[in-house]
Amino acid sequence: MNTSDEQYMQQALREAHRAYENGEIPVGAIIVMNNRIIAKGHNQVELLKDPTAHAEIIALTAAFNFLGAKYLPDATLYVTVEPCLMCAGALYWSKISRIVWGAEDEKNGHQRITKENWPFHPKTTITKGVLKEECAELMKKFFRERR
């Protein structure tokens, strides 16, 4: 894990805190290209009444709009929680170069990373566990408060 991964994950955590403050499941995402944040997103499922309004999808849409392109082969997604199957599919089609996540999602994560059943684009690389404890604690806090 490198320092820039931690710095960018801090930015994704800021997005997750925005979701938390709005009563959304606290997941945040940013997309970086050439050492520059080109897109941000946080869960907006409740606000938009849209089950597809996950942080990753919001960030991907913002990046596509910013670049005027449908592929992100030179970009990195930083997301506070492991992507779900829906988001893994969107990331596959985006051809994103790299995905970095904090906490594992044992319940809803894609959980299918094997050489035989890789859910991401073949050129995509993965880094897991960046600021894992901070990302996991925000999720735990959110659900503790609602139970």
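**Salt bridges in this predicted model**

Searching the whole structure turns up four salt bridges, counting a side-chain nitrogen of Lys or Arg within 4 Å of a carboxyl oxygen of Asp or Glu. The model is predicted, so local features need pLDDT of at least 70 and side-chain atom pairs count only at pLDDT 80 or more, while totals for chains, interfaces and linings use all residues. Residues are numbered from 1 along each chain as its sequence is written, and side-chain values use heavy atoms, with hydrogens and water left out.

**Arg98 and Asp5**
- These two side chains pair up in a salt bridge at 2.7 Å, N to O.
- Arg98 sits in strand E4 (residues 98-103) and Asp5 in helix H1 (residues 3-21), so the bridge ties together parts that are 93 residues apart in sequence; helices (H or I, at least four residues) and strands (E, at least two) are DSSP runs, numbered from the N terminus.
- Arg98 and Asp5 are both buried, where buried means under 20% relative accessible area, exposed over 50%, and partly exposed in between (1.4 Å probe, protein chains only).

**Glu15 and Arg18**
- Glu15 and Arg18 form a salt bridge with an N to O distance of 2.3 Å.
- Both belong to helix H1, and because they are three residues apart, about one helical turn separates them.
- Glu15 counts as buried at 5% relative accessibility, whereas Arg18 is partly exposed at 39%.

**Arg144 and Glu137**
- The side chains of Arg144 and Glu137 meet in a salt bridge at 2.8 Å, N to O.
- Glu137 has 37% relative accessibility, so it counts as partly exposed.
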